Amino acid sequence: MVTWGKVVDSLHYSKLTPQEEEVLLYGEYALIGWLIGKNRKEEAKRYTDMFEMRIDKGLKKNPNSATLLAFYAVYSGFRIGITPTTVFTMANNNFTYVNKALQHRKGEPLPLVEQANSLYYRPFLLGGDKKKPLELYQEE
């Protein structure tokens, strides 16, 4: 993943097409998740800020993109992972953007993946479910 980070960093300084921007989002998605998992939260925060800007840029051009809406749900989850106290403000964003992504979904897998992730990591009292995500992964 160290090499992965270098590739992502190099792409931040490149002029990218919209398709390449989306590929970079997937690269940042993997890198940020790994950094949070390794408890490297300061580094993850830096990438998360760039991730959010890239998503916002894409949504301005294509506000009904199921993939970009799902990435915004991911962003909310990352923020919670980096700073758990943001759960009170970011959880609603996560739910909202997962649902918007599902409404606009035309076969894209990311909205279902993020719905599954949201259900799996969400506390039971907020509708979390450890079994439902497996069904969603099998659906796609």
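I take contact to mean heavy atoms within 4.5 Å. The model I am reading is a predicted one.

**Entry 1: Ile55.** I looked up what isoleucine 55 touches. Setting aside residues up to four places away in sequence, I found Leu25, Leu68, Phe71, Tyr72 and Tyr75.

**Entry 2: the core.** I then turned to the largest nonpolar core, which has 29 residues. Ile55 is listed with Ile32, Tyr47, Phe51 and Phe71 as having the most contacts inside this core. At least two core residues come from each of helix H2 (18–37), helix H3 (41–61), helix H4 (66–82) and helix H5 (87–104). H4 gives the most, with 10 residues.

**Entry 3: H2 against H4.** How do the axes of H2 and H4 cross, and within what distance do they come? I noted an approach within 11 Å and a crossing at roughly 20 degrees. Angles under 35 degrees count as roughly parallel, so H2 is roughly parallel to H4. The crossing is left-handed. On the H2 side I listed Glu22, Leu25, Tyr26, Tyr29, Ile32, Gly33 and Ile36. On the H4 side I listed Thr67, Leu68, Phe71, Val74, Phe78, Gly81 and Ile82. I sorted the residues of this contact into 10 nonpolar, three polar and one charged.

**Entry 4: Glu21.** Beyond its neighbours within four places in sequence, glutamate 21 is in contact with Leu16, Arg54 and Lys57. I also noted 9.0 Å between the C-alpha atoms of glutamate 21 and leucine 11, which lie 10 residues apart along the chain.

Methods. Residues numbered from 1 in each chain as written. Predicted model: local features only at pLDDT ≥ 70, side-chain atom pairs only at ≥ 80, totals over all residues. Heavy atoms only, no water. Core = buried A, V, L, I, M, F, W, Y, C linked by side-chain atoms within 4.5 Å. Buried < 20%, exposed > 50% of the residue type's maximum accessible area, 1.4 Å probe, protein only. Helix = DSSP H or I, 4+ residues; strand = E, 2+ residues; numbered from the N terminus. Axes fitted to C-alpha atoms, helices over the stretch in contact; angles between N-to-C directions. Parallel < 35°, antiparallel > 145°, perpendicular 65-115°, else oblique. Left-handed = near helix turned anticlockwise from the far one by under 90°. Nonpolar A, V, L, I, M, F, W, Y, C, P; charged D, E, K, R; others polar.
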